[in-house]
Amino acid sequence: EKSRGIHHWQQAAMKGHIHSRHNLGVDEYNNGHYEVALQHYMISAKIGYVYSLNAIKECSRKVTRPRSNTPRHCWDIETPRKR
């Protein structure tokens, strides 16, 4: 049953459904695939899903990557700028 649900999320995500894309990220995160989860979160965050921004913060702690590889729009999330 779970595989059918994931399949439906994948189909919906390909058609632009934000919540399905986020849910795919949650499933990947729970399975320990943090890089893939981060990609799903990034896509849904670009569309404007706020919960994905919070998930990016959490997932970024688990993924070790140099700052130069982190997309520029995520820098503000990881380290707030001083004004």
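## Burial and overall make-up

Of the 83 residues in the protein chain, 31% are buried, where buried means under 20% relative accessible area, exposed means over 50% and partly exposed lies in between, with a 1.4 Å probe and protein chains only. This is a predicted model, in which local features need pLDDT of at least 70 and side-chain atom pairs count only at pLDDT 80 or more, while totals for chains, interfaces and linings use all residues. Residues are numbered from 1 along each chain as its sequence is written, and side-chain values use heavy atoms, with hydrogens and water left out.

The accessible surface of the protein chain comes to about 6000 Å², and 52% of that surface belongs to carbon and sulfur atoms; such areas come from the Shrake-Rupley method with a 1.4 Å probe, and for residues only the protein chains shown count as cover. The protein chain has 5 helices and 0 strands, with the order α-α-α-α-α from the N terminus on; helices (H or I, at least four residues) and strands (E, at least two) are DSSP runs, numbered from the N terminus. Among contacts between residues at least 6 apart in sequence, 34% join residues at least 24 apart, a contact being heavy atoms within 4.5 Å.

## Helix α1 against helix α2

Helix α1 (residues 2-14) and helix α2 (residues 18-30) have axes that come within 8 Å and cross at roughly 135°; the axes are lines fitted to C-alpha atoms, for helices over the stretch in contact, and the angles run from 0 to 180 degrees between N-to-C directions. The two helices are therefore oblique to each other, since angles under 35 degrees count as roughly parallel, over 145 as roughly antiparallel, 65 to 115 as roughly perpendicular and the rest as oblique. The crossing of α1 past α2 is left-handed, a term used if the near helix is turned anticlockwise from the far one by less than a right angle, with clockwise giving a right-handed crossing.

On the α1 side, K2, I6, W9, Q10, A12, A13 and M14 take part, and they meet S20, R21, N23, L24 and D27 in α2. The residues of this contact divide into 6 nonpolar, 3 polar and 3 charged, with Ala, Val, Leu, Ile, Met, Phe, Trp, Tyr, Cys and Pro counted as nonpolar, Asp, Glu, Lys and Arg as charged, and the others, Gly among them, as polar.

## Helix α2 against helix α3

The axes of α2 and α3 lie 8 Å apart, and the helices pack at an angle of about 160°, which makes α2 roughly antiparallel to α3. Here too the crossing is left-handed. I18, R21, H22, L24, G25, V26, E28 and Y29 in α2 meet Y34, V36, A37, H40, Y41, I43, S44 and I47 in α3, and the residues of the contact divide into 10 nonpolar, 4 polar and 2 charged.

H40 has its place in helix α3 (residues 34-47) and is buried, with a relative accessible area of 14%. Leaving aside neighbours within four places in sequence, H40 is in contact with R21, L24, G25 and E28.

H22 is found in helix α2 and is buried at a relative accessible area of 10%; not counting residues up to four places away in sequence, H22 touches Y41, S44, Y49, Y51, S52 and A55. H19, found in helix α2, counts as partly exposed at 41% relative accessibility. The C-alpha atoms of H19 and W9 are 8.6 Å apart in space, while the two residues are 10 apart in sequence.
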